[in-house]
Amino acid sequence: MIEAFEILFTASFWVAAIRIASPLIFATMGELICERAGVLNLGIEGIMVVGAFAGWLTVYMGGDLWFGVAVAALAGAAFGLLHATLTVPLGLSQHVVGIGITLLATSLTYFTYRIVLPEVTSPPRIEPFQPLPVPLLSDIPVVGQALFNQTPLTYLAFATVAVVAWVLYRTPLGLAVRAAGENPSAVEAQGISVNAVRMGAVTVGSALMAIGGAFLTMSAFNSFFFEMINGRGWICIALVVFGSWRPGKALLGAILFAAFDAYQVRLQQLTGGVVPYQLFLMMPFVLSILALVVMSRRAAYPKALMIPYQKGER
């Protein structure tokens with residue numbers, strides 16, 4: 001019992017938690033931007049798969065790591081634009097389109113993988129991002145190792161939260177995005193196109209989701225396999241609700257879920273197989289559901305979320 005408690009105070013535990021949280025942070029910020037503008041993007045799972053594959057393939061074919069991140073973002077943006085075109089001006093069901101995007105993106109990725117690498121039996125490896133210690137700060141016990149001895153993409157994930165929060169709450173663009181999800185008629189009254197705001201938000205948000213997928217192949221691991229997303233996209237949708245559609249709270253939710261995930265791995269090692277491993281695997285999801293139930297009761301969702309808008313409507 002004491003050993004299980006001591007895990008929480010080890011540097012390796014928090015290093016792993018921050019690493020696990022990083023792709024969730026990217027994807028959660030992307031989903032939050034979409035929903036703040038009034039669009040539920042259920043294509044997140046497939047978009048993360050596309051981002052993971054596009055970034056990895058770019059580097060495998062000889063591209064630079066940061067160029068791989070850019071290609072992943074562009075691939076995610078392309079699927080986001082498709083999602084936005086179908087749901088915003090055409091007004092199709094956001095649930096159906098989102099699931100369709102996930103199926104399309106996943107299937108297209110599998111098809112492309114088999115076309116490019118027809119004879120490969122095991123995923124080829126690349127040279128991923130390496131940890132980049134921050135001088136002096138990385139020497140701080142526990143906290144320094146967890147926060148300041150990570151790969152550049154982890155630092156970018158935390159910077160993304162700050163940028164998203166600043167844009168949403170400190171700029172006219174952020175005000176327009178939030179108004180598009182709360183009261184789109186007020187946006188139109190200001191001479192701003194609601195469709196343009198929503199489509200732009202979904203496109204940018206999807207690019208961030210794809211970068212979250214690329215983190216897995218280019219920072220957490222060094223190869224691509226189809227099961228690597230493993231429901232992370234759906235978790236990110238729940239994290240947006242958990243965070244009450246606020247970047248800061250969503251960040252804490254991502255770290256909390258990642259801590260649960262890192263903790264269950266260490267508990268498996270501690271018990272030595274006495275307890276079925278499936279029990280530990282479901283622990284972070286069960287705890288996240290309980291936290292979501294508690295937090296969502298007080299959450300104020302965007303009033304125009306999932307409601308199509310046509311110009312001239314009141």
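From the N terminus on, the elements of the protein chain run α-α-α-α-α-α-α-α-α-α-α-α-α, which amounts to 13 helices and 0 strands (helices are DSSP runs of H or I with at least four residues, strands are runs of E with at least two, and numbering starts at the N terminus). The model is a predicted one, in which local features need pLDDT of at least 70 and side-chain atom pairs count only at pLDDT 80 or more, while totals for chains, interfaces and linings use all residues. Residues are numbered from 1 along each chain as its sequence is written, and side-chain values use heavy atoms, with hydrogens and water left out.

Along the principal axes, the C-alpha atoms fill a box of roughly 65 × 50 × 40 Å. Of the 314 residues, 51% are buried (buried is under 20% relative accessible area, exposed over 50%, and partly exposed in between, with a 1.4 Å probe and protein chains only). Among contacts between residues at least 6 apart in sequence, 76% join residues at least 24 apart, a contact being heavy atoms within 4.5 Å. The chain exposes about 14,800 Å², with carbon and sulfur atoms supplying 70% of it (Shrake-Rupley method, 1.4 Å probe).

We turn now to the pockets. On a 1 Å grid over the protein atoms alone, a pocket is an open set of points where a 1.4 Å probe fits, with protein on both sides within 12 Å along at least five of seven lines, and lining residues have an atom within 4 Å of a point. The largest pocket has a volume of about 430 Å³, a volume being the space filled by probe spheres set on the points. Its lining comprises 20 residues, and Ile 20, Phe 221, Asn 230, Arg 232 and Asp 261 lie nearest the centre. Two or more lining residues come from each of α2 (11-36), α10 (194-220), α11 (232-242), α12 (247-271) and α13 (277-296), and α2 gives the most, with 4 residues. By class, this lining holds 14 nonpolar, 2 polar and 4 charged residues (Ala, Val, Leu, Ile, Met, Phe, Trp, Tyr, Cys and Pro are nonpolar, Asp, Glu, Lys and Arg charged, the others polar).

The second largest pocket has a volume of about 280 Å³. Of its 13 lining residues, Ile 33, Val 167, Leu 173, Val 177 and Val 204 are the closest to the centre. At least two lining residues come from each of α7 (152-170), α8 (172-182) and α10, and the classes are 11 nonpolar, 2 polar and no charged. In α8, the buried residues are Gly 174, Ala 176, Val 177, Ala 179, Ala 180 and Gly 181, and they pack against α2, α7, α9 (184-189) and α10.

Pro 247, in helix α12, counts as buried at 2% relative accessibility. Beyond four places in sequence, Pro 247 touches Met 29, Leu 32, Val 161, Val 164, Ala 165, Leu 168 and Tyr 169. Glu 227, in the loop between α10 and α11, is exposed, with a relative accessible area of 57%.
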